[in-house]
Amino acid sequence: MAKQIWKPGNMLYPLPAVMVSAAGKDGEANIITVAWTGTICSDPAMLYISVRPERYTYHMIKETGEFVVNLTTEKLARATDWCGVKSGRDVDKWKEMQLTKGKAEELAYAPVIKESPVNIECRVTEVNELGSHHMFIAEVAAVLADEKYMSGTGKFELNRTGLLAYSHGEYMTLGRKLGRFGWSVKKKTQNV
């Protein structure tokens, strides 16, 4: 099988497509769509987002040291894309996309997006200026999970929310379940 050699680039897909909400100390809030995001550490819980310094939300995060990662769903797909291509300098994304600001539990400035099934409240611990993007490394201060996705046994059923992913310029929903963590090595029970 022949393969082409390309110049170095980002081909690590799929990625979560998330809406990041932030606010300045003056109270002005905005939403930015981010796909350059991920988990860094589980104890303490940490994640990162990478944002171009020229993006309107960048100065808010830099000023307050706070942001919220709001997971997106199929129902939020249009808003997710729209908030990624429009600038908060020109439009009120909350109003135009009919999204509701909610008070974060642990943050002073950044609001949550109430329509999101999961809101991850973050406090910046470090900023790495890497080139086109600056990476905000953050500790998770709180996680808000929509109760309508709780099972009768108290399990949060995240995969029922219709999560959105970003892959090579396209938004996708998650496909069918193939297994669960550890299934490939799980011992089969024998019928005796």
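Reader: Leaving aside neighbours within four places in sequence, which residues is Asn119 in contact with?
Author: In this predicted model, Asn119 is in contact with Val68, Val69, Asn70, Val112, Ile113, Ala142, Val143 and Leu144, once neighbours within four places in sequence are set aside.

Reader: Where does Asn119 lie?
Author: Asn119 lies in strand S9, which covers residues 118-129.

Reader: Does it count as buried or exposed, and why?
Author: Asn119 counts as buried because its relative accessibility is 5%, and the cut-off for buried is under 20%.

Reader: What does the side chain of Asn119 make a polar contact with?
Author: There is a polar contact at 2.7 Å between the side chain of Asn119 and the side chain of Asn70. The side chain of Asn119 also reaches a backbone oxygen, that of Ile113, at 2.9 Å.

Reader: Turning to the sheet with S9, how many strands form it, and in which order?
Author: The sheet is open and is formed by 7 strands in the order S3-S2-S6-S9-S10-S5-S4, with antiparallel pairing. Its edge strands are S3 (29-34) and S4 (37-42), each of which pairs on one side only. On average, neighbouring strands of this sheet are turned by 35° against each other, direction ignored.

Reader: Over how many bridges do S2 and S6 pair?
Author: Strand S2 (residues 18-23) and strand S6 (residues 66-71) pair over 4 bridges in the antiparallel sense. Within this pairing, Val20 stands opposite Val69 in S6.

Reader: Which strands does helix H2 touch?
Author: Helix H2, residues 77-85, packs on the sheet and touches S2 and S3. The direction of H2 makes about 105° with that of S3.

Reader: A change of topic: how many disulfides are there?
Author: The count comes to 0 disulfides. Cys41 is in no disulfide, and the nearest cysteine sulfur, that of Cys122, is 13 Å away.

Reader: Which backbone oxygen does its side chain reach?
Author: The side chain of Thr161 reaches the backbone oxygen of Leu158 at 2.7 Å.

Reader: What does Thr161 touch, not counting residues up to four places away in sequence?
Author: With those residues not counted, Thr161 touches Thr73, Pro117 and Tyr149.

Reader: Which strands form the open sheet that includes S11?
Author: That open sheet has 3 strands in the order S1-S11-S12, and the pairing is antiparallel. Strand S1 (15-16) and strand S12 (170-173) are the edge strands, each pairing on one side only.

Reader: How many bridges join S11 to S12?
Author: S11 and S12 run antiparallel and are joined by 4 bridges. Leu164 has Thr173 in S12 as its bridge partner.

How values were computed
Residues are numbered from 1 along each chain as its sequence is written. This is a predicted model: local features need pLDDT of at least 70, side-chain atom pairs count only at pLDDT 80 or more; totals for chains, interfaces and linings use all residues. Side-chain values use heavy atoms; hydrogens and water are left out. Helices (H or I, at least four residues) and strands (E, at least two) are DSSP runs, numbered from the N terminus. Buried means under 20% relative accessible area, exposed over 50%, partly exposed in between (1.4 Å probe, protein chains only). A polar contact is a pair of N or O atoms within 3.5 Å; within protein, one must be able to donate a hydrogen and the other to accept it, and residues adjacent in sequence count only if both atoms are side-chain atoms. Contact means heavy atoms within 4.5 Å. Two strands pair if DSSP finds at least two bridges between them. Axes are lines fitted to C-alpha atoms, for helices over the stretch in contact, and angles run from 0 to 180 degrees between N-to-C directions. A disulfide is a pair of cysteine sulfur atoms within 2.5 Å.
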